[in-house]
Amino acid sequence: MVVDAAGRLTFVGAAAERPADAVTATDLRPWVVLPGLIDLHAHLPQLPNAGLGAGLDLLTWLDRYIFPLERGFDAAAAERLAPVAWRAFAAAGTTTALVYGAVYEASLDVAFRAAEWHGIRAIIGKVMMDRLTYDPTIDPGAILERSLRESANLIERWHGRDNGRLRYAVTPRFAVSCTADMLRESAVLAASSGAYWQTHVSEDLGEIAEVARLFPDAIDYVDVYDRAGGLGPRTILAHAVHLSDRELGRLVETGTNVVHCPASNLFLASGVMPLGAYLEAGLSVGLGSDVAAGPDLSIFSQMRVGFYAQNALRASGLTGGRVLGPLEWLRMGTLEGAQVLGLDEETGSLEVGKEADLIAVDPAYVASVPGAEDPDPRDLVSRLIFRSHPDMVRGAWVRGRRLEGPASPD
Ligand SMILES: [Zn+2]
């Protein structure tokens, strides 16, 4: 590959065919180069509690393990955690991350600054909630106006920074913790500023029942966001495990994107997304770690758990639809993730004209016995998914710039 000064790929092909004026700077063999992975759902403040609370349901787990951590995520906590977190994303092979912060504006500035310095492609949003909020210092009557103003400030400072490497996602947490006013006004802010709009939908049966109780006029969960003006191609909804046919049809019709977070969904016993049926209906789907409900940041882990979960559904005769192979899972974690974000002109695959967002993996880490590395791409990707090793990502780059994180760069 040849990367120009702006970090774009100007040549991809056999070394012997490279342009005569290209300088060979790095020979990565025997590592294998892949597009950088795209994580469409993670919660930055929650990373310290990843892997804790197994066996609880969503709402209990939130109360016990998550809200205390987010309540303490002020600027000082962000200074400690954010640089470590971006390195951990890169170590897992993630070069683009769509992330929730906490409610405090200053902690978001810290998270953005850390991402700006680190080099990862990051889209971040301040969590908005005017119900069940964990910040007791704010007068409940003032939350909506203040949360909108702070989000607008952050958009002003960070959305589009560094030629679009950093972007903003307006982030109402979910319908249980937001009033209809908060949902509607946040959607207006996203539409008027060109930022993304992200929230959670239809993750857990208890949550769905609570949304039905809070929004008695809505047809269903998706309709709550539809009435708020929240659906569309700039919207990313996490989970979408239990969609009705009507909800699925409405998301497809509006071009709304969803994030499949299979490890999280099994960790919290939320359910198994009928992925094959959703894809056949034409739904736009990418992958997310959902740390900390998902126990680790690796998108390869999401592919493995998702693969097993779909096999279990099929073996139980519960759902049909498309069966995905290893390369299709890899595509969902790269190019299709970029399409969800509308960034597939910039990233998601290694093609001339795109930015050089890539990772290098060492096949020796996933070989079944030494020497059994796989020349066939489908076999190699199958092993990267099913025999993932935490150190197998040896390098990660965004726009051709090497990121800190992957073990012992050399
Ligand atoms: Zn989440």
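This is a predicted model: local features need pLDDT of at least 70, side-chain atom pairs count only at pLDDT 80 or more; totals for chains, interfaces and linings use all residues.
**Helix H3 and its setting**

Helix H3 covers residues 105-118, 14 residues in total. From its first C-alpha to its last, H3 reaches 20 Å, close to the 20 Å expected at 1.5 Å a residue. How many of the residues of H3 are buried? The number is 10 of the 14, so the helix is largely enclosed by the rest of the structure; buried here denotes under 20% relative accessible area. The buried positions are Glu105, Ser107, Leu108, Asp109, Val110, Ala111, Phe112, Ala114, Ala115 and His118. Two helices, H2 (75-91) and H4 (143-158), pack against these buried residues. Strands S6 (121-125), S8 (166-172) and S15 (401-402) also pack against them.

The view may now be widened to the whole protein. It contains 15 helices and 15 strands. Its radius of gyration is 21 Å, close to the 22 Å that the globule rule gives for 410 residues, so the protein is as compact as a globular protein of that length. Along the principal axes, the C-alpha atoms fill a box of roughly 65 × 50 × 35 Å.

Of the 410 residues, 56% count as buried. Among contacts between residues at least 6 apart in sequence, 76% join residues at least 24 apart.

The accessible surface comes to about 16,000 Å², and carbon and sulfur atoms account for 53% of that area. The protein carries 36 positive and 52 negative charges, whose mean positions are 3 Å apart.

Terms used
Residues are numbered from 1 along each chain as its sequence is written. Side-chain values use heavy atoms; hydrogens and water are left out. Helices (H or I, at least four residues) and strands (E, at least two) are DSSP runs, numbered from the N terminus. The radius of gyration is taken over C-alpha atoms; the globule rule is 2.2 Å times the number of residues to the power 0.38. Buried means under 20% relative accessible area, exposed over 50%, partly exposed in between (1.4 Å probe, protein chains only). Contact means heavy atoms within 4.5 Å. Accessible areas come from the Shrake-Rupley method with a 1.4 Å probe; for residues, only the protein chains shown count as cover. Lys and Arg count as positive and Asp and Glu as negative; His and the chain ends are not counted. The place of a charge is taken as NZ of Lys, CZ of Arg, CG of Asp or CD of Glu. The expected span of a helix is 1.5 Å times one less than its number of residues.
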